[in-house]
Amino acid sequence: MQIGVITLFPEMFNALTCGGITARAVQNGLLRLSYWNPRDFADNKHRHVDDRPYGGGPGMVMQVYPLRTAIQTAKQTLGENTRVLYLSPQGRRLDQTGVAYLSQFPHLLLVAGRYEGIDERVIEHDIDEEWSIGDYVLSGGELAAMVLIDALTRWLPGALGHADSASEDSFYAGLLDCPHYTRPEVIDAQSVPAVLLNGNHADIARWRHKQALGRTWLKRPDLLINLNLQPEQQALLNE
Ligand code: SAM
């Protein structure tokens with residue numbers, strides 16, 4: 001997957017290659033990241049990319065020309081079929097379904113805004129979709145873009161180790177993940193559930209599924225409303 005980012009702060013994205021799944025995906029060539037800085041396309045000698053809003057009011061707005069030129073330049077590299085996304089608090093709220101949908105595009109271009117946001121004419125003319133990472137306002141789109149890139153990486157075939165799988169993650173099948181334990185078996189009088197130690201894979205799978213159902217019911221009952229529980233799942237939940 002190839003993801004380009006339009007950002008005034010490309011250095012922020014070093015966090016993705018510090019370590020972990022995203023760094024490994026980049027090293028293995030599963031994920032290609034590239035950056036374009038609107039400042040490099042500014043049409044003034046001070047490299048300003050923002051100006052005061054028409055109609056007055058606080059803050060500055062990112063101008064059309066540097067953004068549009070950066071987007072067009074990026075598309076020449078990534079391909080004209082690149083899907084262009086603007087990270088914005090006004091966009092569709094990101095969830096696992098949204099990540100799965102976006103993972104189908106081989107080329108994405110993420111536009112990170114700053115200041116009061118970007119000139120509306122860029123959204124009208126150059127952006128395919130707006131996506132939000134939650135109902136709160138960040139100072140810039142970079143962290144939101146990194147959240148999206150990280151979540152997308154988990155969907156890339158081969159990006160997770162063979163023991164892990166996105167299909168075991170919370171939300172994949174509409175449920176939260178089951179609890180996890182590791183060595184030691186007992187610590188401060190807290191024991192690992194006995195079923196996880198008996199080596200019976202069917203028992204363990206059943207216990208994990210029951211835990212996933214139970215904790216979804218306790219922590220996120222809203223998820224169960226949209227889920228068509230099978231009779232055997234209903235029975236597990238009622239046990
Ligand atoms: N004035 C804008 C509004 O209220 O809709 C907010 C601008 S915000 C201070 C600056 C930039 O941060 C936005 O252009 C956007 O790229 C990014 N941003 C802020 N909150 C976000 C969110 N919840 N999800 C995605 N991006 C966000």
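1. Where is the place of L138? In this predicted model, L138 is found in the loop that runs between β7 (129-132) and α5 (142-153). L138 is partly exposed, because 18 other C-beta atoms lie within 10 Å, a count between the limits of 12 or fewer for exposed and 20 or more for buried. Leaving aside residues up to four places away in sequence, L138 touches L143 and A144.

2. The unreviewed UniProt entry lists G113, I133, G134, D135, Y136, V137 and L138 under "binding site".

3. The next point concerns G113. This residue lies in the loop between β6 (107-112) and α4 (120-126). Is G113 buried or exposed? G113 counts as buried because it has 26 C-beta neighbours inside 10 Å, where 20 or more are required.

4. The contacts of G113 may be considered next. When residues up to four places away in sequence are not counted, G113 touches M62, Y86, L87, S88, I118, G140 and G141. For one of these, M62, the separation from G113 is 51 residues in sequence and 7.4 Å in space, C-alpha to C-alpha.

5. As to the domains, the assignment for the chain gives domain 1 (2-153) and domain 2 (170-238). The centres of domain 1 and domain 2, taken over C-alpha atoms, are separated by 37 Å.

6. A helix pair involving α5 deserves mention. The axes of α1 and α5 cross at roughly 70° and come within 9 Å. Helix α1 is therefore roughly perpendicular to α5, as angles of 65 to 115 degrees are classed in this way. On the α1 side the contact is made by I21, T22 and A25, and on the α5 side by I149, D150 and T153. By class, the contact of α1 with α5 has three nonpolar, two polar and one charged residues.

7. Helix α6 (residues 201-219) packs against helix α8 (residues 231-238) at an angle of about 70°, and their axes are 9 Å apart. It follows that α6 is roughly perpendicular to α8. Helix α6 contributes H209, K210, L213, G214 and W217 to the contact, while α8 contributes Q233, L236 and L237. The residues of this contact of α6 with α8 divide into four nonpolar, three polar and one charged.

8. Finally, G29 is situated in the loop between α1 (20-27) and β2 (32-36). What is the exposure class of G29? G29 counts as exposed because it has 7 C-beta neighbours inside 10 Å, and a residue with 12 or fewer is placed in that class. The C-alpha atoms of G29 and R208 are separated by 34 Å, and these two residues are 179 residues apart along the chain.

Definitions and conventions: Residues are numbered from 1 along each chain as its sequence is written. This is a predicted model: local features need pLDDT of at least 70, side-chain atom pairs count only at pLDDT 80 or more; totals for chains, interfaces and linings use all residues. Axes are lines fitted to C-alpha atoms, for helices over the stretch in contact, and angles run from 0 to 180 degrees between N-to-C directions. Helices (H or I, at least four residues) and strands (E, at least two) are DSSP runs, numbered from the N terminus. Angles under 35 degrees count as roughly parallel, over 145 as roughly antiparallel, 65 to 115 as roughly perpendicular and the rest as oblique. Two residues are in contact if their C-beta atoms, placed from the backbone, lie within 7 Å. Ala, Val, Leu, Ile, Met, Phe, Trp, Tyr, Cys and Pro count as nonpolar, Asp, Glu, Lys and Arg as charged, and the others, Gly among them, as polar. UniProt positions are given in the numbering used here, feature names are shortened, and annotations may be inferred rather than shown by experiment. Domain bounds come from an automatic or database domain assignment.
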